[in-house]
Amino acid sequence: MLGKVEELRLIGECVLLDKRESFGRLVEEYQDGLRSFLLNLTSGNVMLSEDLAQESFIKAYLNLRHFKGISRFKTWLYRIAYNQYISYVNGRHSHADLEAASVITVKDSSVRVDSEIDIARCLRALSDMERTVITLFYLQDVEIKDISKIIRVKENTVKSHLLRGRNKLKLMLENNGYEK
């Protein structure tokens, strides 16, 4: 994992020295997490999440000179990706385009495939905002203060969506036979 100083060095090399391989290093570092984030937002639509990820990296590269370094590059990049997703949803496309089997990466190999499908189904049942904060917090390990910057709401609002989403997930899983 890149530290903030390393991120700033790579960004500086890219902006000042036109070293594209420095941006390539940033892409390598964050592409898997960003794709996973978008995959969950798009309810498993692989092609759409890949397109949005690619558009996000292009937009980040083209606007790299405007990165102020106040937040981490990851936070800035996820904000761009979230904006790309929102633009897609608010654009000529509807939520019906996003219906597909959601893909959730569960690291514990003892978890049954059925439970992954149930979790994916439950995530799709959440509101967009709840799904976004749950995905960022639990699947991407993004801190609440950074989620607040990504989706541009107050930290307490993030906490409210997180609590509401977590409670809905818990209730849905309990209703599907999972223990309390």
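How much space lies in the largest pocket? Good morning, colleagues. About 420 Å³ of space lies there; a pocket is an open set of points on a 1 Å grid where a 1.4 Å probe fits, with protein on both sides within 12 Å along at least five of seven lines.

The model is predicted, with local features needing pLDDT of at least 70 and side-chain atom pairs pLDDT 80 or more, while totals for chains, interfaces and linings use all residues. Residues are numbered from 1 along each chain, and side-chain values use heavy atoms, without hydrogens or water.

The pocket is lined by 17 residues, each having an atom within 4 Å of a point. Phe-67, Ser-71, Trp-76, Arg-79 and Arg-152 lie nearest its centre. By kind, the lining divides into 5 nonpolar, 7 polar and 5 charged residues. The helix α4 gives the most to this lining, with 6 residues; helices here are DSSP runs (H or I) of at least four residues.

I turn now to the core. Buried means under 20% relative accessible area with a 1.4 Å probe.

Finally, consider α2. A kink of about 50 degrees is centred on Tyr-30, the bend being the angle between axes fitted to the seven residues ending there and the seven starting there. Tyr-30 is among the buried residues of α2, as is Phe-37. Just after α2, Ser-43 takes a positive phi of about 55 degrees.

Methods:
Points joined across faces, edges and corners; volume = space filled by probe spheres on them. Helix = DSSP H or I, 4+ residues; strand = E, 2+ residues; numbered from the N terminus. Nonpolar A, V, L, I, M, F, W, Y, C, P; charged D, E, K, R; others polar. Buried < 20%, exposed > 50% of the residue type's maximum accessible area, 1.4 Å probe, protein only.
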